[in-house]
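Please open the model in a viewer and keep the selection panel at hand. The stops below proceed from aromatic rings to the chain interface and then to individual residues.

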Amino acid sequence: MKVLEAYLKGKRVSILAASSGGGHWEELMLLKPAFEGRQVHYVTTDSKIAEYHGVYSASVVIDCNQNQPLKSIVCLIMAIRVILKVRPEVVISTGAAPGFFCIFAGRLLGARTLWIDSFANGEELSMCGRLSKSVAHECWTQWDHLSLGTRPAYRGSIL
Amino acid sequence: MILVTVGTQLGFDRLISAIDALAPNLPAPVVAQVGSGSYVPKYMEARALIAPADFEDLARASQMIVGHAGTGTILMAARFEKPLVMLPRQASLGEHRNDHQIATANAFATRAGVFVAWDVQDLDGAIMKALRYVGMGESQTSARSQLLESIGKFLDRWCE
């Protein structure tokens with residue numbers, strides 16, 4: 001354990017930003033200005049999407065959802081490997097399940113974690129969002145009427 | 001060029017057939033991504049699926065976007081700063097599991113640059129409004145500024 005701790009305290013990338021392809025990735029790209037001036041490593045489920053947005057520091061994990069237990073396990077293992085390699089100080093995700101596994105792995109390995117539930121979830125928090133209330137250090141919703149104090153908290157929205 | 005999209009999951013024949021009927025009289029050519037729909041357009045270019053990179057090129061080159069009331073579509077229109085016309089899918093017509101697209105359309109109906117067609121008859125008028133619309137500049141809403149600032153504060157606190 002001590003060896004792992006020492007390893008974790010070495011020099012780290014600031015931010016690991018994780019999100020599935022599609023709408024979740026669109027949202028993450030709209031949040032890029034907030035990462036200005038810091039070292040960011042991205043995680044997504046499709047390498048072509050990353051390249052197209054001009055993101056070159058990216059890892060790819062398998063896509064999965066709550067109905068795919070085997071894929072989810074593989075995804076979690078891939079997420080743990082990325083976090084061990086990159087050693088971010090912070091993990092941020094806009095969803096969905098692959099992003100959640102990065103949050104989970106980040107939490108296990110000493111990163112500060114922030115879940116931002118997708119703007120698409122305007123009626124209730126997503127399932128991974130609900131899990132993130134316990135797993136992530138901070139859990140935000142983009143709809144004020146869904147906020148419950150600090151978990152989830154409303155801190156603005158992309159649109 | 002007008003870009004039409006039905007999203008990545010289901011076809012949307014009601015929208016595609018309505019736009020196809022309007023297409024000959026529209027002032028710009030129409031390109032449609034029709035998904036798994038069964039209606040075959042006669043007056044516009046149609047493809048079932050368009051690769052992400054090509055789709056982005058089309059969105060960038062378009063004058064406006066017509067689509068279902070999906071958040072992915074709204075986000076894309078916002079990213080490329082194009083006027084958007086939305087026809088919400090309806091559960092009663094078997095177009096979606098529930099009516100949350102109607103809720104989404106309600107939430108965005110008054111937003112600048114977004115034009116909701118509640119029924120196919122409204123599409124023509126909405127498209128004309130969208131084509132005439134100016135002012136899709138990079139106007140960041142205060143809600144987005146707030147979110148970006150909140151993330152900034154989080155990073156200031158937890159990153160060296």
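How many aromatic pairs does a search of the whole structure find over all chains? The search returns 7 aromatic pairs, where rings of Phe, Tyr and Trp (its six-membered ring) pair if their centres lie within 6.5 Å, and planes under 30 degrees apart count as stacked, over 60 as edge-to-face and the rest as tilted. Select A:Phe100 and A:Phe104: their ring centres are 6.4 Å apart and their planes lie at 35 degrees, so this pair is tilted.

This is a predicted model, in which local features need pLDDT of at least 70 and side-chain atom pairs count only at pLDDT 80 or more, while totals for chains, interfaces and linings use all residues. Residues are numbered from 1 along each chain as its sequence is written, chains are lettered from A and ligands numbered from 1 in the order in which they are written, and side-chain values use heavy atoms, with hydrogens and water left out.

**Aromatic rings**

Helices (H or I, at least four residues) and strands (E, at least two) are DSSP runs, numbered from the N terminus. A:Phe100 is buried, at a relative accessible area of 8%, whereas A:Phe104 is partly exposed, at 30%. Buried means under 20% relative accessible area, exposed over 50%, and partly exposed in between (1.4 Å probe, protein chains only).

Next select A:Phe119 and B:Phe108, an edge-to-face aromatic pair with 5.9 Å from centre to centre and 75 degrees between the planes. This pair crosses between chains: A:Phe119 belongs to the loop between β5 (112-116) and α6 (127-135) of chain A, and B:Phe108 to helix α4 (residues 100-108) of chain B. A:Phe119 is buried, with a relative accessible area of 3%, and B:Phe108 is buried as well, with 2%.

**Charges over rings**

Select A:Arg112 and B:Trp158. A:Arg112 lies over the face of B:Trp158, 3.7 Å from the ring centre; a charge sits over a ring if NZ of Lys or CZ of Arg is within 6 Å of the ring centre and within 35 degrees of the ring normal. Within chain B, the charged end of B:Arg89 is placed over the ring of B:Phe12, at 4.6 Å from its centre.

**The interface of chains A and B**

Display both chains. Chain A gives 32 residues to the contact and chain B gives 29 residues, contact meaning heavy atoms within 4.5 Å. The two chains bury about 2900 Å² between them, 68% of it on carbon and sulfur atoms; buried area is the accessible area (1.4 Å probe) that two parts lose on being put together, summed over both.

Which residue of chain B forms a salt bridge with A:Arg38? Select B:Asp156, whose closest approach to A:Arg38 between N and O atoms is 2.5 Å. The count between the chains is 2 salt bridges, each a side-chain nitrogen of Lys or Arg within 4 Å of a carboxyl oxygen of Asp or Glu.

**Individual residues**

Select A:Ser19 in strand β1 (residues 15-19) of chain A. A:Ser19 counts as buried, at 2% relative accessibility. Its side chain reaches the backbone oxygen of A:His24 at 3.2 Å, and a polar atom of the A:Ser19 side chain lies 3.1 Å from the backbone nitrogen of A:Trp25.

Move to A:Ser57, in the loop between α3 (47-52) and β3 (58-60) of chain A. Is A:Ser57 buried or partly exposed? At 33% relative accessibility, A:Ser57 counts as partly exposed. Its side chain joins that of A:His41 in a polar contact of 2.9 Å, that is, a pair of N or O atoms within 3.5 Å; within protein, one must be able to donate a hydrogen and the other to accept it, and residues adjacent in sequence count only if both atoms are side-chain atoms.

Finally, select B:Phe55 in helix α2 (residues 52-61) of chain B. B:Phe55 is buried, with a relative accessible area of 12%. Not counting residues up to four places away in sequence, B:Phe55 touches B:Leu3, B:Thr5, B:Gln33, B:Ile50 and B:Met76. The C-alpha atoms of B:Phe55 and B:Leu3 are separated by 9.2 Å, with the two residues 52 residues apart along the chain.
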